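Welcome! Please keep the 3D view open as you read.

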Amino acid sequence: MKFRNLLVFFFLILIVLQGCSSKNSRKAYSYKQDKSFPIKANYNYQIKDSLTYNQLYKALNMQYNDWKGVKYKFGGNTKKGVDCSAFVQRTFKDRLNITIPRTTALQSKFGEDVSMNNLEMGDLIFFKTGYKTRHVGIYLEGGKFLHASTKRGVTISRLDNSYYSKHFWKIKRVIQ
């Protein structure tokens with residue numbers, strides 16, 4: 001039993017470390033518990049015809065600054081209270097003019113599957129937090145993601161956080 005637990009532990013560490021090797025994350029980062037918005041990288045690649053890295057970075061940073069600390073409310077979609085999938089949907093619509101589904105269940109089926117090795121800013125990160133409960137956030141960089149947390153409201157968390165690394169489910173790319 002101890003060997004199996006050790007094997008599971010090393011497997012989870014491997015998954016978390018794979019997030020460090022994103023093809024567009026050229027800068028290494030430490031695992032300190034920094035919950036601030038990541039520092040902008042020194043490059044400006046084209047993400048799609050109408051969107052560059054700089055534009056995406058600015059849009060997500062502005063959304064975070066506008067919504068930081070807004071409390072979590074199941075089914076909410078305003079600054080009086082917002083749930084994770086509504087926050088993600090609003091971010092994509094308001095900041096990027098991209099329409100995505102409203103619920104986490106539908107968002108998890110939308111877009112292209114992506115591996116941890118190919119994780120990029122703007123990708124949706126999904127977690128299985130309960131038997132039928134799912135959570136979603138938007139990957140930033142440096143192992144950080146933006147989301148509406150049930151405990152902290154709209155915040156930035158780290159993928160190497162023990163809770164999120166334990167509940168990681170999958171990644172979807174909706175910006176193409």
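Two strands pair if DSSP finds at least two bridges between them, and strands (E, at least two residues), like helices (H or I, at least four residues), are DSSP runs numbered from the N terminus. With that in hand, F127 stands opposite F168 in β10. This is a predicted model, in which local features need pLDDT of at least 70 and side-chain atom pairs count only at pLDDT 80 or more, while totals for chains, interfaces and linings use all residues. Residues are numbered from 1 along each chain as its sequence is written, and side-chain values use heavy atoms, with hydrogens and water left out.

**Confidence**

- The predictor's confidence in each residue is called pLDDT and runs from 0 to 100; the protein chain averages 84, and 77% of the residues score at least 70.
- Residues 6–32 stay under 50 in pLDDT, and for them the model has 36 contacts (heavy atoms within 4.5 Å) beyond four places in sequence.

**Strands and hairpins**

- Strands β6 and β10 run antiparallel and are joined by four bridges.
- β10 also pairs with strand β5 (residues 112–114) in the antiparallel sense, over three bridges, and there V114 has I171 as its bridge partner.
- On to β7: five bridges join it to β6, and the two run antiparallel, with V136 as the bridge partner of F126.
- Five residues lie between β6 and β7, which form a hairpin.
- β7 is joined to strand β8 (residues 144–149) by two bridges, again antiparallel, and I138 stands opposite L146.
- Four residues separate the strands in the hairpin of β7 and β8, where G142 takes a positive phi near 60 degrees.
- Why is strand β7 (residues 134–139) said to be largely enclosed by the rest of the structure? Five of its six residues are buried, where buried means under 20% relative accessible area, exposed over 50%, and partly exposed in between (1.4 Å probe, protein chains only).

**Aromatic rings**

- Rings of Phe, Tyr and Trp (its six-membered ring) pair if their centres lie within 6.5 Å; planes under 30 degrees apart count as stacked, over 60 as edge-to-face and the rest as tilted.
- By this rule the model has ten aromatic pairs.
- One of them is F127 with F168, an edge-to-face pair at 6.5 Å centre to centre with 80 degrees between the planes.
- Because F127 lies in strand β6 (residues 124–128) and F168 in strand β10 (residues 168–173), this pair ties together parts that are 41 residues apart in sequence.
- F127 is buried at 0% relative accessible area, whereas F168 is partly exposed at 24%.
- Y163 and Y164 also make an edge-to-face pair, 5.1 Å centre to centre and with 85 degrees between the planes; Y163 is partly exposed at 38% and Y164 is buried at 9%.
- F127, F145, Y163, Y164 and F168 form one aromatic cluster.

**Charges over a ring**

- A charge sits over a ring if NZ of Lys or CZ of Arg is within 6 Å of the ring centre and within 35 degrees of the ring normal.
- W169 has R134 over its face at 5.1 Å from the ring centre, and K170 over its face at 4.6 Å.

**Helix α3**

- Helix α3 (residues 84–96) has 13 residues and reaches 17 Å from its first C-alpha to its last.
- That is close to the expected 18 Å, a span found as 1.5 Å times one less than the number of residues.
- Among the buried residues of α3 are F87, V88 and F92.
- Just after α3, N97 takes a positive phi of about 55 degrees.
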